Amino acid sequence: MPPAVLLGIKKMVFLTILLFSYLQMSQQIQKTTANSKEMLSNPSLTAVQGTLNVVMNQNVTLSCSSDSGSPPVRYTLFKCNQKVSSLHRPDLTPGLFNLTIKSAGDVGEYKCKAENNISRSGKYSKSLNFTLIEPISKPVLSSPTSQAKKGQNVTLSCLSENGSLPITYIFFKGRQTISQPVKMQKSKAAVIFLFINSSSDFGTYKCRAENSCCNNTKYSNSFNFTLAEERSHSQPLIISLGLILLLFIIGFALAIPFFIIPSYKAKKIKSTRSSTGLTSTINEEAENDVLYTEIELVKPEEEYVNFSVFSVTGREDEKAEKSACATVYSKVHIRD
């Protein structure tokens, strides 16, 4: 083979190798460029304030961020699969969403989505849920009795009518704690038992209530036990005498229509007959029958009088039956 032809073949082979190497380098550069645009990692959604317990009208901030991926990044916040708002970030800094809890519906399930130019489908975070906490109301400290005496057992009750459970109660006497914390999982009062041993136990008592709502703590009203007066031994005797007197009055009132009134009526009838010149004698045959004798002058100048005998039958009513039995004339000497 001529040298010229051989030289031409060598040049062709060299150019082919050079072209192949260039193509390989181009592909490698394209791969490197493509690998510099990474897909985003799954974002994380957190509460900036550090707690998911919220109260009504509270402002909260949610942070959505992806740890890796090529910017720019678009963050979108969802509540119960409904879009709330979107944010654009030129780098991997978190997207911050500000919210206000205005009602119970604002504490639903939240998620966020991160997406860049490589993956339009985006990546979603795990769900996050708020818990609406109700602040406790001022507790009320009470007892079934406000008076006590030495040696008596008493109880104290502490209750907050409003507030998210659980509620923890603590009892105090003055500034000294007199009970362990009592955690109530239901809307019921916390109760402690006390023994009144000395006069120092008649001090001022209070209780404190708190729940998980933003370090919410409230104190109750003050409560004091007063010393009950000891009953004297004469009190039962006085009560007995009073009852006897009351029974006597009742018996006297009941006797009036049955004994006193009939006796009074009989005396009244007798008095009336005596004033009209009637005299009476009791009939031995009937206890309720009375004989009356009426004396009447026939003529003033004569010495004669009329005797009229009447029989009155006794009855309970005001009228009595009167009947004449006989009239007897007798000579009577009349003196001046």
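Start by selecting Tyr110. Tyr110 is buried, because its relative accessible area is 3%. Buried means under 20% relative accessible area, exposed means over 50%, and partly exposed lies in between (1.4 Å probe, protein chains only). This is a predicted model, in which local features need pLDDT of at least 70 and side-chain atom pairs count only at pLDDT 80 or more, while totals for chains, interfaces and linings use all residues. Residues are numbered from 1 along each chain as its sequence is written, and side-chain values use heavy atoms, with hydrogens and water left out.

The structure holds five aromatic pairs. Rings of Phe, Tyr and Trp (its six-membered ring) pair if their centres lie within 6.5 Å; planes under 30 degrees apart count as stacked, over 60 as edge-to-face and the rest as tilted. Tyr110 and Phe130 form an edge-to-face pair, because their ring centres are 5.7 Å apart and their planes stand at 75 degrees. The two residues are 20 apart and link distant parts of the chain. Tyr110 sits in strand 7 (residues 109-115), and Phe130 in the loop between strand 9 (128-129) and strand 10 (131-132). Strands (E, at least two residues) and helices (H or I, at least four) are DSSP runs, numbered from the N terminus.

Next, select Phe223 and Phe225. This aromatic pair is edge-to-face, at 5.1 Å centre to centre and 80 degrees between the planes. Phe223 is buried at 13% relative accessibility. Phe225 is buried at 3%. Ring pairs link Tyr205, Phe223 and Phe225 into a cluster.

Stay in strand 7 for the next stop and select Cys112, then Cys64. Which kind of link do Cys64 and Cys112 form? They form a disulfide, with sulfur atoms 2.0 Å apart. A disulfide is counted here as a pair of cysteine sulfur atoms within 2.5 Å. The link is right-handed, with 75 degrees about the S-S bond. Cys64 lies in strand 3 (residues 58-65), 48 residues from Cys112. Both Cys64 and Cys112 are buried.

The structure holds two disulfides. For the other stop of this kind, select Cys158 and Cys207. A disulfide joins them, S to S 1.9 Å. Their link is right-handed, with 70 degrees about the S-S bond. Cys158 is in strand 13 and Cys207 in strand 18 (residues 204-210), 49 residues apart. Both Cys158 and Cys207 are buried. With the bonded cysteines numbered in sequence order, the pairing is 1-2, 3-4. Cys80 is partly exposed, because its relative accessible area is 42%.

Two strands pair if DSSP finds at least two bridges between them.

Zoom in on strand 11 and strand 13 (residues 152-159). Three bridges join these antiparallel strands. Select Leu141 and look across. Leu141 stands opposite Cys158 in strand 13.
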